[in-house]
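Q: I'd like to go through the aromatic rings in this one with you. Can we take it step by step?

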Amino acid sequence: MFGIVPRTLWERRIAPDARNRIPLAARCLVAVDRDAGKVVLVDDGLGEKWDAHRRDLYGVSASDGLDAGLARLGVTRDDVTDVLLTHLHIGHAGGTTRRGPGGALELAFPRATVHLQRRAWHWAHAPSEKDAGSFLAEDFELLRHSDQLHLVDGEADLFPDVELIVSEGHAVAQQLPRFHGDGTHLTFCGDVIPTHAHLAPGWITAYDLFPITTVEEKKVLLAEALEDDGVLFLEHDGAMAACRLREEEGEPVFREAVEV
């Protein structure tokens, strides 16, 4: 998760266990616009299709977090109108499908349109040797034969006050949803800034396909967040959902955790 950053540095931020694993979340964001009849879900997490071996390998704990979170908002999976997938890595799109009562795969959000960058879709079907292990066809292949897949070409204003920013450092055509309102914004940072420990531009993951690009993209996100006191949503941070920044000696640094 920290690339070439020495363990003696990163373990001060997030302590590892005996197997060198750190606690991470697979956090989703739900945006509800009751006037427009929209329930938008950004990424859908790990899903529930993990076997015992992979659960042990990654330390995956069973969780009903997504369903419980939707219930707290008074909605269910059937109410979700749109799923925005940043990309198709297993920790982001694993919940797109699930096992039905008979064990067959089915789409987990039966009435939702799934929005994804076209290049991300094609890359997931022919990835490089470096990132092939990050994709599982069972997570997304059902979309090919459905009428629920919407492939997006580049940056776009998907809905009023919701734009898609395309990032190329971590994965090909990762899209970062940005929500605007009240003179500020919230950016879903995906794997460009997965945790608050990754706010330093050079702290990037070894998974990144194009590390220097990630560094430059991160600098832009940080500067934009400083401009209007924006919120950075942290998909994988085990301790906080989001944060705001402050400026220190001309550089953006962590200011405070934010409840979302």
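Q: Which ring does the charged end of arginine 54 sit over?
A: In this predicted model, the charged end of arginine 54 sits over the ring of tryptophan 50, at 4.1 Å from the centre of that ring.

Q: And tryptophan 50 itself, buried or exposed?
A: Tryptophan 50 is buried, since its relative accessible area is 9%, which is under the 20% cut-off for that label.

Q: OK, how many aromatic pairs are there?
A: There are five aromatic pairs in the structure. One of them joins tryptophan 50 and tyrosine 58, whose ring centres are 5.5 Å apart and whose planes stand at 85°, so this pair is edge-to-face. Tyrosine 58 is partly exposed, with a relative accessible area of 46%.

Q: What about phenylalanine 188 and phenylalanine 233, how are they arranged?
A: Phenylalanine 188 and phenylalanine 233 form a stacked pair, with 4.9 Å from centre to centre and 15° between the planes, and both of these residues are buried.

Q: Which strands do those two lie in?
A: Phenylalanine 188 belongs to strand E11, residues 184–188, while phenylalanine 233 belongs to strand E12, residues 231–233, so the pair ties together parts that are 45 residues apart in sequence.

Q: Switching topic, which residues form one aromatic cluster with Trp203?
A: Phe2 and Trp10 form one aromatic cluster with Trp203.

Q: Where does arginine 13 lie?
A: Arginine 13 lies over the face of tryptophan 203, and its distance from the ring centre is 4.7 Å.

Conventions. Residues are numbered from 1 along each chain as its sequence is written. This is a predicted model: local features need pLDDT of at least 70, side-chain atom pairs count only at pLDDT 80 or more; totals for chains, interfaces and linings use all residues. Side-chain values use heavy atoms; hydrogens and water are left out. Rings of Phe, Tyr and Trp (its six-membered ring) pair if their centres lie within 6.5 Å; planes under 30 degrees apart count as stacked, over 60 as edge-to-face and the rest as tilted. Buried means under 20% relative accessible area, exposed over 50%, partly exposed in between (1.4 Å probe, protein chains only). Helices (H or I, at least four residues) and strands (E, at least two) are DSSP runs, numbered from the N terminus. A charge sits over a ring if NZ of Lys or CZ of Arg is within 6 Å of the ring centre and within 35 degrees of the ring normal.
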